[in-house]
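Hi everyone, thanks for coming.

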Amino acid sequence: MLMDRPEAPSFDDLTLDDAPEIYNLIESLAWTHVVKDLEIMLEVGVFLGARDAKGNLVATGALFPYGKDLASIGMIMVSPESQKQGYGRAVMDALHNHEIAQGRTLCLVATEEGEPLYKKCGYAVAGRIRKFFGSSDQFLKEILVSELSTGLNDTNLRTMFECDLDKVIAMDAQAIGANRRRLFEKRYAQADYAVVAETQKGEIVGFLMATPQRGQHHLGSMVAPDSKTALAMIRYMAERSDKELRIDVPERQEDLHKQLPLLGFKLIANPPAMIRHQNVFPGCRERYWSLMSQAYA
């Protein structure tokens, strides 16, 4: 539906047919998502969009349900020429009113610009995410001369196979407090590399995926029993990737925060992780070492 006034926009469900327009909006904001990211988002979530009087897509927002109790909000985008005209709040209102949002705890990872808006919408900061970028080559060079050990005494790293997904998805669900099987399966299919940490008795105790973005591999999500295992899985990816590495680490994982800068990673941003009408995230977050994507919270 076309709209006459930016202060009272109407939102329609977007589909794969709208992907080229959504991607143009992504590029206008210099975000790093690739087309495959967008296709997955449109398949597993609800994508809403508003158009200006000329029919141009100027604002979007997405809602990703995880089980019956949790959903994340992401891809809140407003074209540069349409910002500060009320579209951001209108997107949030439309998402909050959607049937999928009803009865679910809502969470998101904010941008610095968006944080004040989200607070007005009932969200509170429940933590922060440390966004690191680093070079695979630099990481491997620094790890050789550092005193940090990535050797695992009783655990081996191996490729994640499709037959591992039931166990890995259950671990992910325990860590975040909700099952996101459909999304996880699609991200696994998208990943260039996926690794599990397995004990000598064959028990999977950790995992990490590396999915491609523009010029980058995004490392996440990651579940691990400790920082040593987490660092070993990052090394596994660095040995295989020819791209810049990005990893979004929850602030509670202090050991990894201290280690990554010593290995050539640079802290790029420290955005807030927010939750609506609550102040604590569900799940066993001490085992959650990196996000699947900022869009998926």
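Let's begin here: which residues in helix 5 (residues 136-145) are buried? Before I answer, some ground rules. This is a predicted model, where local features need pLDDT of at least 70 and side-chain atom pairs count only at pLDDT 80 or more, while totals for chains, interfaces and linings use all residues. Residues are numbered from 1 along each chain as its sequence is written, and side-chain values use heavy atoms, with hydrogens and water left out.

Okay, the answer: S136, F139 and I143 are the buried ones in helix 5. They sit on the same side of the helix, because they cover an arc of only 60 degrees around its axis. That arc is taken from the directions from the helix axis to the C-beta atoms. Turn to the other side of helix 5 and you find D137, K141, L144 and V145 exposed. By buried I mean under 20% relative accessible area, by exposed over 50%, and partly exposed is in between, with a 1.4 Å probe and protein chains only. And helices (H or I, at least four residues) and strands (E, at least two) are DSSP runs, numbered from the N terminus.

So what covers those buried residues of helix 5? The cover includes strand 6 (123-135), helix 8 (227-238) and strand 11 (244-250). Covering here goes by contact, meaning heavy atoms within 4.5 Å. At the start of helix 5, also look at S135: one of its side-chain oxygens comes to within 3.2 Å of the backbone nitrogen of D137.

Now follow helix 8 over to helix 9 (residues 254-262). Their axes come within 9 Å and cross at roughly 40 degrees. Axes are lines fitted to C-alpha atoms, for helices over the stretch in contact, and angles run from 0 to 180 degrees between N-to-C directions. Helix 8 and helix 9 are therefore oblique to each other; under 35 degrees would be roughly parallel, over 145 roughly antiparallel, 65 to 115 roughly perpendicular, and the rest is oblique. From helix 8, S227, L231 and I234 meet D255, L256, Q259 and L260 of helix 9.

Next, R187, over in helix 7 (residues 181-190). Is R187 buried or exposed? Buried, with a relative accessible area of 2%. A polar atom of the R187 side chain lies 2.8 Å from the backbone oxygen of M292. Beyond its neighbours within four places in sequence, R187 also has contacts that include D37, M209 and Y296.

Most residues other than glycine have a negative phi, and most peptide bonds are trans. Well, G220 and S221 are joined by a cis peptide bond, with omega about 0 degrees, and S221 belongs to strand 10 (residues 216-223). M75 isn't a glycine, yet has a positive phi of about 55 degrees. M75 is in strand 4 (residues 70-78) and is buried, at 3% relative accessible area. K84 has a positive phi too, near 60 degrees, but K84 is exposed, at 87% relative accessibility. You'll find K84 in the loop between strand 4 and helix 3 (87-97).

Note on methods. A polar contact is a pair of N or O atoms within 3.5 Å; within protein, one must be able to donate a hydrogen and the other to accept it, and residues adjacent in sequence count only if both atoms are side-chain atoms.
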